Protein chains: 4
Amino acid sequence: MKNTFGNSVSVTLFGESHGPYIGAVLDGLAPGIVIDEAFIAAQLMKRRPAGKISTARQEDDEFQIVSGVFEGKTTGTPLTILIPNKNIKSKDYAATRALARPGHADFTANVKYHGFEDYRGGGHFSGRITAALVAAGAIVLSALEKKRITVGTHIRSIADVNDREFDNIAEDIAKLNAIDFAVLNDEKAALMKDEIEKAAEDGDSVGGVLETAILGVPAGVGEPWFDTLEGVLSHALFSIPAVKGVQFGHAFDDVKKRGSQYNDSFYISDKEIKTATNHNGGINGGISNGMPIVFSCAVKPTPSIYKEQNTVDMMEKKDAVLSLKGRHDPCILHRARVVVDSVASLTLADLLALRYGTDWLAEN
Amino acid sequence: MKNTFGNSVSVTLFGESHGPYIGAVLDGLAPGIVIDEAFIAAQLMKRRPAGKISTARQEDDEFQIVSGVFEGKTTGTPLTILIPNKNIKSKDYAATRALARPGHADFTANVKYHGFEDYRGGGHFSGRITAALVAAGAIVLSALEKKRITVGTHIRSIADVNDREFDNIAEDIAKLNAIDFAVLNDEKAALMKDEIEKAAEDGDSVGGVLETAILGVPAGVGEPWFDTLEGVLSHALFSIPAVKGVQFGHAFDDVKKRGSQYNDSFYISDKEIKTATNHNGGINGGISNGMPIVFSCAVKPTPSIYKEQNTVDMMEKKDAVLSLKGRHDPCILHRARVVVDSVASLTLADLLALRYGTDWLAEN
Amino acid sequence: MKNTFGNSVSVTLFGESHGPYIGAVLDGLAPGIVIDEAFIAAQLMKRRPAGKISTARQEDDEFQIVSGVFEGKTTGTPLTILIPNKNIKSKDYAATRALARPGHADFTANVKYHGFEDYRGGGHFSGRITAALVAAGAIVLSALEKKRITVGTHIRSIADVNDREFDNIAEDIAKLNAIDFAVLNDEKAALMKDEIEKAAEDGDSVGGVLETAILGVPAGVGEPWFDTLEGVLSHALFSIPAVKGVQFGHAFDDVKKRGSQYNDSFYISDKEIKTATNHNGGINGGISNGMPIVFSCAVKPTPSIYKEQNTVDMMEKKDAVLSLKGRHDPCILHRARVVVDSVASLTLADLLALRYGTDWLAEN
Amino acid sequence: MKNTFGNSVSVTLFGESHGPYIGAVLDGLAPGIVIDEAFIAAQLMKRRPAGKISTARQEDDEFQIVSGVFEGKTTGTPLTILIPNKNIKSKDYAATRALARPGHADFTANVKYHGFEDYRGGGHFSGRITAALVAAGAIVLSALEKKRITVGTHIRSIADVNDREFDNIAEDIAKLNAIDFAVLNDEKAALMKDEIEKAAEDGDSVGGVLETAILGVPAGVGEPWFDTLEGVLSHALFSIPAVKGVQFGHAFDDVKKRGSQYNDSFYISDKEIKTATNHNGGINGGISNGMPIVFSCAVKPTPSIYKEQNTVDMMEKKDAVLSLKGRHDPCILHRARVVVDSVASLTLADLLALRYGTDWLAEN
């Protein structure tokens, strides 16, 4: 289904970086969900570039909901969000149209779309499109919160600087959702900002790891084969530009453990079944076990850098050298974390609707 | 769609560990693909336990194709593979039915299916089901090979022992597909086997990382949002029991790099556009760029161990202690690699059929 | 998704007329549904040819459920039904392989599958495959009945003989499900059988209309666009071989009415909203309104006739004359009605699961 | 997928009658398709009410393509069309909000969406939404025409007045697409208009049958089970408000024939295989046979009439009487035919892309 994701609840993304609008269609939402426009705006604000560590284009991200909402609540019919593109400087791109930016989709888009792609500002591949995802996700995040399902993402690492681990997850999620630079340890936050600024000074960029925790997902969500909770979440998460790895728990490190260390033993607490550890990230056999769902995304360093790079001229089929001008982020992790939250919430809403029916999300 | 994956080419899995059959339905295959039963049998053999490092149940994996093949070739209609379960000892399980094995799906299946699940031997969650995936994948792997697309997986690490990196990928794939214990460096292979045997002696298990390379996928496969090549592959890969992480290139390590180091610069070679490095694992913007597709799967240590573990009695809702009997693998990486190849090939067949049409896979 | 239908609850069909098995995979069924093997057998019996009016091949339709059922109840994992093909006379077909039977899929299959199709007995296009649909449908029909949803189909017409209209629908459904030749008026039943026998004597065949009523579907099922209740039902119904038209209510006749005659006015009865007439067949705006769902299927006369027919030799690309031998039904309406019931029940199960969640069908 | 239809090529509809915009997202279109805005406008004009026989609200149907088109051609990424709603008189509806209009979706929407639906002007159920379908369909119709696939629909009957049958289909399609009131026989056109005007004078409405022919679809499109060409087309066609029946050929009449009369015998003409008659509407076994695809839709009389009708007050749950004011069409067949063409073209584009690959539609 390409640019549509989800079955019971689905989201369709459209738009190009330099077209008139980007947007999203959310379908399958329960009727009666209250639309909190201030929260949507606040989420968009978190995605928006700000300060020295984000020098990309400034957009005020005015959004308009043009269908699916009536008298402030969802109707149950497709909800469409439009976000106009305003601060567009298309001339920046025409000159370098033929030069494939390394790490970007310029070359692959050119092959896939036979040269008909809107190349300006990355076109449909632009991180700009994630604004629509964030707006759509905000609606679902609000609704999930009323069902006591909360989502929070921290920057687990940038370059070699690591944040502290999740501890009291409920408190950590609350803290993360209240701050702009989503790091749990304030000293580490400062060190990470230093890394970003240093990279920016060098005309370079940095990457890192985002880690997300979700509380309140009932046990029993996900399928044994194919539509495992891990599989469906990762499917959606890899859409976020620059995400190149997804792990549940700390899998790539923890697979060095032995089974006796890795296994999460069960115990009874207040008549509920819990696990003593959570190496499995809240998922056994592809299905939620009621523990916090924890995963992380490896986010590559932003490919747009000012340093000179070798590349090719796609039209002339010859080697070339590229020096990017314009406005580019030296790091996107602090902006992307709200995209991760949005993608995770949309995915959960779909799986929960499948399990509990289309109206569940709005039920009291 | 739960236990079905794929759109143009799809696979549906069915069966329980202790039922009469497990099997798969492959739909959307091009007509005219030659069925190489010897190759299917050889692939099943690779998945089968053998020797000290695999002490699990022995099955001869006789398979029968009961639809979709006529006179040795695919008809284009659904192809169904049946594999009978023979070596079944269901009594082993009844006694411990109420005790949720840590790291297994016993508890989540019990919640999801309200106690109606076939709990014997893991039921529908059993690794046994992957035999059907391997048989289905073998058919597609043969067909892809005729289109010069080849797939190979090595054990990149077990515990702290690391194999060498991929080097000449074409040769490496050929080597891996010719050997049983898929490690490129023979000395490391021996060390890994030691790790497995040591764990087995301790009644414990080990995990590790499987890394896969795919050659010959043309540039232009995948979609910008949601159905990215990374997203679709990871969706399928997380179905493989014990896979808890998927990364493209060596993402979780490489995100520590700066953009100038991570970006894969383009150059022209023989009139084709290539990249000097392949940190992106052959994928830009969700779309194949013509370079080898390289990804790895974090495979957790097998959860079935002989060591005593704390758990709960799900019926009585009380704490309990579990001592597993029966036959269990101390490591599954050497068996799982052929499952990874199969899942990857099925996913690719689907995306290639979407792009080039349903008949492409059998065309000359 | 081709040979798979449904999202929340799906059915996958496989098999060829002369292969070892035909079968179906039912996925997404709620766990805990009781399997009534006698009812499945009884439904298969209704589909089976009998007497002078059905001279086709005799099969005892032994079926085996090989996955998804444990201790007599559904597990919630894919349920697979196998039905062996036994009474096979493949030689009948080889001689006339090149001659496209008019009205059959021989020619279109040959084009679509490039000559690789299993042509024996119609292969995957054979009405034989509907036995698997009937078995799958029987499981769902039993479960729906416990939710007070009942389905019944009568032969509304054969040639120019018309059955009486539905009257007391609950009683009519009960009657239809208790008899073999599903006609409400016994005199008309006799006349219809005469028509069939006369056609058979002439080496010819007859068609007609099947009309179905469904009681107990709650208001609110279906979607405004695309997944309308009419659209989803018709999508599935047109799979039934020989169905060439689907109408809700008596649409093709009733569209001659004026709006004031056609509109179904609402009224209150026992605090429930009902309609005085039911020209809309229980559906407004694509969504069930709580009235009986009523639709009919136009079933073309069986294309296999003994009369000489003009056709072509597909290999030689030349005109030819065909005289069919073997065993062919002069009419299939009395056998097809249970297929219609099955297809309708599978479709409803899917839409109801979407609305009320995956467990609804088995809840008390 | 609810308000989304199609797999390889999909369309998503959104919007309410009295919201700011209605629109559609077309995904999966081949890149490089020329956008003919004048043709889109002309198609929208055909759907627009005009003259005595259409007294509904006047809209100029300005449309804006806000994504997926660059320099006048499709990019291959989602194409979004917005059509603003301008001529809105929402006050007309508030007074009668509680009164369910017979034949409309007011009651079913109220049940499904628990009272949160936008009831003004039919909301998301309004025929107004079909303007977006027509705009989307126009893009695909243009592209299909370059592949020599043409589509045309005539009003086969209104009340008891019947148009002549299709004769030279290529010429008939050309004629139909050049005229506003799509009737092949001019005298019958006049009689039909009389019927409409008479009904309008009586405050009533009329229905009828639309018949469509499609030329140039290659043999081999469609699937044997579920995704039959009939099934997929009808699935989409039933979305068109007021369509209550779909038949291929003249099925509901022709099933009275015997097999020897109904079967379409094959013959060779210019080395191609054709059929002497076309009772099967160009489809055998669910797959196109290369003959014209012919189907008809039963379109019920417009439910909005001025005559007093019995209904219920949904809020008070009591009987009521409804006298509709405002602007209503006495007949919609002459407006709906271009919707049928659009829906058919979108469906074909999807199935052709599945068979021939995503780029086929734009290839030379």
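Residues are numbered from 1 along each chain as its sequence is written, and chains are lettered from A, with ligands numbered from 1, in the order in which they are written. As the model is predicted, local features need pLDDT of at least 70 and side-chain atom pairs count only at pLDDT 80 or more, whereas totals for chains, interfaces and linings use all residues.

The contact takes 87 residues from chain B and 87 residues from chain A, two residues being in contact if their C-beta atoms, placed from the backbone, lie within 7 Å. On the side of chain B that touches chain A, the most is given by helix α7 (residues 229–237) of chain B, with 6 residues; helices (H or I, at least four residues) and strands (E, at least two) are DSSP runs, numbered from the N terminus. This side of chain B divides into 38 nonpolar, 31 polar and 18 charged residues, where Ala, Val, Leu, Ile, Met, Phe, Trp, Tyr, Cys and Pro count as nonpolar, Asp, Glu, Lys and Arg as charged, and the others, Gly among them, as polar. Because 100% of the interface residues of chain B are also interface residues in chain A, the copies meet through the same surface. Strand β11 (residues 243–248) of chain A and strand β11 (residues 243–248) of chain B run antiparallel and are joined by 3 bridges, with B:Q247 in β11(B) as the bridge partner of A:G245.

Chain A is likewise superposed on chain D, with an RMSD of 0.0 Å, by a rotation of 180° with 0.0 Å of shift along its axis. Here too the same surface serves both copies, as 100% of the contact residues of chain A recur in chain D. This contact takes 38 residues from chain A and 38 residues from chain D, and the largest share of the side of chain A, 5 residues, comes from β2(A). The residues on that side of chain A comprise 12 nonpolar, 19 polar and 7 charged.

Within chain B, 5 strands form an open antiparallel sheet in the order β1-β2-β3-β7-β4, two strands being paired if DSSP finds at least two bridges between them. The edges are held by β1 (4–5) and β4 (64–67) of chain B, each with a single partner strand, so one side of each is left without a neighbour in the sheet. Antiparallel β1(B) and β2 (residues 10–15) of chain B are joined by 2 bridges, and B:F5 stands opposite B:V11 in β2(B).

Helix α4(B) lies across β2, β3 (21–27) and β7 (79–84) of chain B and runs at about 30° to β3(B); axes are lines fitted to C-alpha atoms, for helices over the stretch in contact, and angles run from 0 to 180 degrees between N-to-C directions. The axes of α1 (residues 37–47) and α4 (residues 130–146) of chain B come within 9 Å and cross at roughly 140°. The contact between these helices includes B:F39 and B:L44 of α1(B) and B:V134 and B:I139 of α4(B), and by class the contact has 8 nonpolar, 3 polar and 1 charged residues.

Key: Least-squares fit on C-alpha atoms with pLDDT ≥ 70 in both.
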